[in-house]
Every structure is written in C-alpha cells, then in structure tokens.
Amino acid sequence: MRATTIKIGLFNPEYLPFEEIIYLDLTLIIKSDMTPLLKYMELQKESLLIIKAWFQETYNSSVMRIKPNELKIIYDDFADRKSTRLNSSHSAKSRMPSSA
C-alpha cells in the first residue's frame, strides 16, 4: 500500500476513534522541544492544519493536525475515486501471451 493511501486513511473517523489526531511522520528527526508547536496547533480552529516546513516557504504534510469527523469527505472522495477505477470497464491486458 502506498504511503499516500495510508495517510488518506487518517481522514476516516472509523480508522481511529479520536476527535483530533496529531500526525508526525516517522521519517522526521526532531531535535528540539515540540511544546510551542503543539500549543500552536491546539489553539487553531481549522479542521486540517498542515505546518509550514522548517527553513522553507512550503508546507510539509509530515506534521499535521487532523479532525477526521469534520474531514471524512476527503476520505470518502478518495475511496469513491479508487472504487471507480477498480470497477471500470477496462480490462487489464496480460503481459504474457496465452501460449506461454
């Protein structure tokens, strides 16, 4: 399963029975106190909070605060698109000829 697929699962409230999730990617190396970051996240009202990347002017989905109940539509849309692809009328061609 792709990492993106696993991350999308965080938007499904049926996966984890919590009103709020703070997601930290396991590939992060944290060398400082996270208290200011956690306090900042706690004070924000948004249902999805993606923290700006350290030392860059971009966002990094390795640190997120997610409220799954309010964002289930993201998971539902992903699951619906995935099931549409899997149930499409296109048949997969075999890589090997039938005579092999």
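These are my notebook entries on one protein chain, looked up in a predicted model.

**Entry 1: the overall layout**

I started with the big picture. The protein chain has three helices and three strands. Reading along the sequence, I wrote down the pattern α-β-α-β-β-α. Next I looked up how much of the chain is hidden: of its 100 residues, 27% are buried. I also noted the surface. The accessible surface of the protein chain is about 8300 Å², and carbon and sulfur atoms hold 56% of that. Then I turned to contacts with a separation of 6 or more: 53% of them join residues 24 or more positions apart.

**Entry 2: the cores**

Which residues make up the largest nonpolar core? I found eight: Ile-8, Leu-10, Phe-11, Tyr-23, Met-64, Ile-66, Leu-71 and Tyr-75. Two elements give two or more residues to this core, namely strand 3 (59–66) and helix 3. I also found a second, separate core of six residues, with Met-34, Leu-37, Met-41 and Leu-49 among them.

Leaving out residues up to four places away in sequence, Tyr-75 touches Ile-8, Gly-9, Phe-11, Asn-12 and Tyr-15. Ile-8 and Phe-11 turn up in my list for the core too.

**Entry 3: Ile-66**

My next stop was Ile-66, a member of the largest nonpolar core. Ile-66 sits in strand 3. Is Ile-66 buried or exposed? Ile-66 counts as buried because its relative accessible area is 0%, and buried means under 20%.

I looked up its neighbours as well. Not counting residues up to four places away in sequence, Ile-66 touches Leu-10, Phe-11, Glu-19, Glu-20, Ile-21, Ser-47, Leu-48 and Leu-71.

Glu-20 belongs to the loop between helix 1 and strand 1. With 38% relative accessibility, Glu-20 is partly exposed. Apart from residues up to four places away in sequence, Glu-20 touches Arg-65, Ile-66, Lys-67 and Pro-68. I also checked Glu-20 against Glu-70: they are 50 residues apart along the chain, and 9.7 Å separates their C-alpha atoms.

Asn-69 is in helix 3. Why does Asn-69 count as exposed? Asn-69 counts as exposed because its relative accessibility is 51%, and exposed means over 50%. Leaving out residues up to four places away in sequence, Asn-69 touches Pro-13 and Glu-19. From Asn-69 to Glu-14 there are 55 residues along the chain, with 9.0 Å between the C-alpha atoms.

**Entry 4: charged side chains**

Side chains of opposite charge can pair when their charged atoms come close. How many salt bridges does the structure hold? I found one. Asp-76 and Lys-72 form a salt bridge through their side chains, at 2.6 Å from N to O. Both residues lie in helix 3 (residues 68–86), four residues apart, which is about one turn of the helix. Asp-76 is partly exposed, at 33% relative accessibility. Lys-72 is partly exposed as well, with a relative accessible area of 25%.

Then I looked at Lys-7, which is in helix 1 (residues 3–8). Lys-7 is buried and has no salt bridge. Which side chain of opposite charge is nearest to Lys-7? I found Asp-25, 4.3 Å away. Lys-7 and Asp-25 do not count as a salt bridge because the cut-off is within 4 Å. Not counting residues up to four places away in sequence, Lys-7 touches Tyr-23, Asp-25, Ser-61, Ser-62 and Met-64. Tyr-23 and Met-64 are on my list for the largest nonpolar core.

Ile-22, Leu-24, Ile-30 and Leu-38 make a nonpolar surface patch of about 290 Å². I took a closer look at Leu-24, which lies in strand 1 (residues 21–24). Leu-24 counts as partly exposed because its relative accessibility is 32%, and that class lies between the 20% for buried and the 50% for exposed.

Key
Residues are numbered from 1 along each chain as its sequence is written. This is a predicted model: local features need pLDDT of at least 70, side-chain atom pairs count only at pLDDT 80 or more; totals for chains, interfaces and linings use all residues. Side-chain values use heavy atoms; hydrogens and water are left out. Buried means under 20% relative accessible area, exposed over 50%, partly exposed in between (1.4 Å probe, protein chains only). Lys and Arg count as positive and Asp and Glu as negative; His and the chain ends are not counted. Contact means heavy atoms within 4.5 Å. Patches are made of residues with over 30% relative accessible area and no salt bridge: like charges are joined within 9 Å, nonpolar side chains (Val, Leu, Ile, Met, Phe, Trp, Tyr) within 5 Å. Accessible areas come from the Shrake-Rupley method with a 1.4 Å probe; for residues, only the protein chains shown count as cover. A nonpolar core is a set of buried Ala, Val, Leu, Ile, Met, Phe, Trp, Tyr and Cys residues joined through side-chain atoms within 4.5 Å.
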